[in-house]
Structure formats: C-alpha cells, structure tokens
Amino acid sequence: MKKYILLTSMVFSLAISCKSDKKNEEGVSQMDQVMAIHDEVMPKMGPLGKLVGELKTKVDTTEAGQAYEAAMKDLQAAHNSMMDWMKGFGDRFDPDEILNGKELTPQKQQWLDEEEAKVKVLKEQINSSIQKAEELLGKN
C-alpha cells in the first residue's frame, strides 16, 4: 500500500511539474515572463518614433545621410516587428490565458515557447536599433 501511495504521489508531482505555462524558480509563469518583456519594450515605441523623425531630417545621398537612413530603417523594422508580434500573439492567445493564467493546451504551450523566443529577439532588435540611432545622433 505504501508503494502505491508513493507511486501515486510521484505521478501527481510529475503531472503538476509538467503543467502548461511553466513557472520559473521564483514561481513566475512563462506567460508572465513573456508579457514582462513586452511591457519592458512597449514604452520604447514612442521614443523610437521620435528617433525616426529626427533621422528622417538627416537622410540624404551623402555617406552620412545613408547611415541615418539605415538607422531609420532599422527603427522602422523594429516598430513593425513589435506590431506584428503583438498581433500574432493576440491571435494565438485569449485574454484569460494572457491575463488570468488560464491553463494552456499542449499546442498553446508550444506556441508560448515560440512566442517567448520571438519576443526575446524583438527586445534585442528594438534595443539595438535605438542604441544605434542614439549613437548616430550623438545622444549617448
């Protein structure tokens, strides 16, 4: 009987540990981690747009002007990537899954893994394009 109880508790523990929307060591869900990255970079969209405007006035056919244009295009691509990511993410998950921790199906867990990888790349794209533009404009 003790073996049965031990086996049952091990199976139960394994089931809980494999539950959708994995949690890290601090108990933060994977969905919360993904949303935290989004929330970190979303406020940068305004400054990103302002940098595009500043760079646009400096674009011309000179070598320096072309560097401004390249930086501007990087910023615009980062902005478009953010908008595309948000739309795709919203198409894959409903508000209860995003905001209330509703359990994910195995398919949606796979999608969340994909979205986590995408948002990490997006964060790097946004941060690096802003840094490049600010350096070019002498703001760093």
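Lysine 87 and aspartate 91 are both exposed. In this predicted model, the two residues belong to helix H4, where four residues, about one turn of the helix, separate them. Their side chains form a salt bridge, with an N to O distance of 2.8 Å.

The chain contains six helices and zero strands, so that its elements read α-α-α-α-α-α from the N terminus. Of its 140 residues, 29% are buried. Where contacts join residues at least 6 apart in sequence, 70% of them link residues at least 24 apart.

Side chains of opposite charge can pair when their charged atoms come close. The structure has 11 salt bridges. One of them joins lysine 132 to aspartate 74, with 3.0 Å between the closest N and O atoms. Because lysine 132 is in helix H6 (residues 106-136) and aspartate 74 is in helix H4 (residues 63-92), this pair ties together parts that are 58 residues apart in sequence. Lysine 132 is partly exposed, at 38% relative accessibility, and aspartate 74 is partly exposed, with a relative accessible area of 32%.

A salt bridge also forms between the side chains of arginine 92 and glutamate 114 (2.9 Å, N to O). Arginine 92 lies in helix H4 and glutamate 114 in helix H6, and the pair therefore ties together parts that are 22 residues apart in sequence. Glutamate 114 is partly exposed, with a relative accessible area of 30%. Arg92 and Glu114 belong to a network of salt bridges that also includes Glu115 and Lys118.

Technical notes:
Residues are numbered from 1 along each chain as its sequence is written. This is a predicted model: local features need pLDDT of at least 70, side-chain atom pairs count only at pLDDT 80 or more; totals for chains, interfaces and linings use all residues. Side-chain values use heavy atoms; hydrogens and water are left out. Buried means under 20% relative accessible area, exposed over 50%, partly exposed in between (1.4 Å probe, protein chains only). Contact means heavy atoms within 4.5 Å. A salt bridge is a side-chain nitrogen of Lys or Arg within 4 Å of a carboxyl oxygen of Asp or Glu.
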